[in-house]
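Please read this note alongside the sequence and the 3D view. The points are numbered for reference.

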Amino acid sequence: VRLGQVLAASAADDVAALRSGGLDAEVTAEGTTYSGGQRQRIALARALASGAPVLVLHDPTTAVDSVTEGRIASGIREVRDGLTTWLLTSSPALLEAADRVVVVREGRVVAEGTHHALMDDLAYQELVLR
């Protein structure tokens, strides 16, 4: 995976563009000069750059706006094509990009399918659209 692809997929290219020095900008300890959303995008970029055959992401877009979230959902799908990615999320944008959605309640699988197909289920709608 190319760096440019990873930066675009995670929307971290925007973060780098805002810094004088871009990717060479100095980062303080704990990344305190970055917002929560910027730190989240940088962490996602690092995870995507790993090229791990199996990647587990837990709510990787909770600190970004909906437009950025949609961009990231498409980017993850593109960069991780052919690899296994588990997303633990209730984000409609991320669920829409998934090949398969598995709904778990109290440790049991209660529904499975695509986001689009599951949207016919009122209980699923409540989980995702609350």
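The points below go through pockets, salt bridges, a surface patch and backbone angles.

1. Basis. The model is predicted, so local features need pLDDT of at least 70 and side-chain atom pairs count only at pLDDT 80 or more, while totals for chains, interfaces and linings use all residues. Residues are numbered from 1 along each chain as its sequence is written, and side-chain values use heavy atoms, with hydrogens and water left out.

2. Largest pocket. Its volume is about 980 Å³. A pocket here is an open set of points on a 1 Å grid over the protein atoms alone, where a 1.4 Å probe fits, with protein on both sides within 12 Å along at least five of seven lines; lining residues have an atom within 4 Å of a point. A volume is the space filled by probe spheres set on the points, which are joined across faces, edges and corners. There are 29 lining residues, and Thr85, Trp86, Leu87, Ala98 and Arg100 are the closest to the centre of the largest pocket.

3. What lines the largest pocket. Two or more residues each come from α4 (66–79), β2 (84–88), α5 (92–97), β3 (101–105) and α7 (122–129). The largest share, 5 residues, is that of β2. Helices (H or I, at least four residues) and strands (E, at least two) are DSSP runs, numbered from the N terminus. By class the lining holds 17 nonpolar, 5 polar and 7 charged residues. In this count Ala, Val, Leu, Ile, Met, Phe, Trp, Tyr, Cys and Pro are nonpolar, Asp, Glu, Lys and Arg are charged, and the others, Gly among them, are polar.

4. Second largest pocket. This one has a volume of about 340 Å³. Its lining is made of 17 residues, and Val15, Leu23, Val27, Tyr34 and Ile42 lie nearest the centre. At least two lining residues each are supplied by α1 (3–10), α2 (12–18) and α3 (36–49), with the largest share, 5 residues, coming from α3. The classes are 12 nonpolar, 2 polar and 3 charged.

5. Salt bridges, overall. How many salt bridges does a search of the whole structure find? The search finds 4, a salt bridge being a side-chain nitrogen of Lys or Arg within 4 Å of a carboxyl oxygen of Asp or Glu. Side chains of opposite charge can pair when their charged atoms come close.

6. Arginine 71 and aspartate 13. The closest N and O atoms of this salt bridge are 2.4 Å apart. Arginine 71 belongs to helix α4 and aspartate 13 to helix α2, so the pair ties together parts that are 58 residues apart in sequence. Arginine 71 is partly exposed at 30% relative accessible area, and aspartate 13 is partly exposed at 26%. The cut-offs are under 20% for buried, over 50% for exposed and in between for partly exposed (1.4 Å probe, protein chains only). Asp13, Asp14 and Arg71 are linked in a network of salt bridges.

7. Aspartate 99 and arginine 77. Here the closest N and O atoms are 2.8 Å apart. Aspartate 99 sits in the loop between α5 and β3 and arginine 77 in helix α4, 22 residues apart. Aspartate 99 is exposed, at 59%, while arginine 77 is partly exposed, at 43%.

8. Glutamate 112 and arginine 100. Their side chains meet in a salt bridge of 3.0 Å, N to O. Glutamate 112 is in strand β4 (residues 108–113) and arginine 100 in the loop between α5 and β3, 12 residues apart. Glutamate 112 is partly exposed at 46%, whereas arginine 100 is exposed at 55%.

9. Nonpolar surface patch. Val54, Val56, Trp86 and Leu88 form this patch, with about 420 Å² of accessible area together. Two or more of its residues each come from β1 (54–58) and β2. A nonpolar patch joins side chains of Val, Leu, Ile, Met, Phe, Trp or Tyr within 5 Å, in residues with over 30% relative accessible area and no salt bridge; areas come from the Shrake-Rupley method with a 1.4 Å probe, and only the protein chains shown count as cover for residues. Valine 56, in strand β1, is exposed at 53%.

10. Positive phi. Most residues other than glycine have a negative phi. Alanine 11 has a positive phi of about 60 degrees; alanine 11 lies in the loop between α1 and α2 and is buried, at 0% relative accessibility. Aspartate 59 has a positive phi near 40 degrees. Aspartate 59 is placed in the loop between β1 and α4 and is partly exposed, at 24%.

Technical notes:
Patch = residues over 30% accessible without salt bridge, like charges linked within 9 Å, V, L, I, M, F, W, Y side chains within 5 Å.
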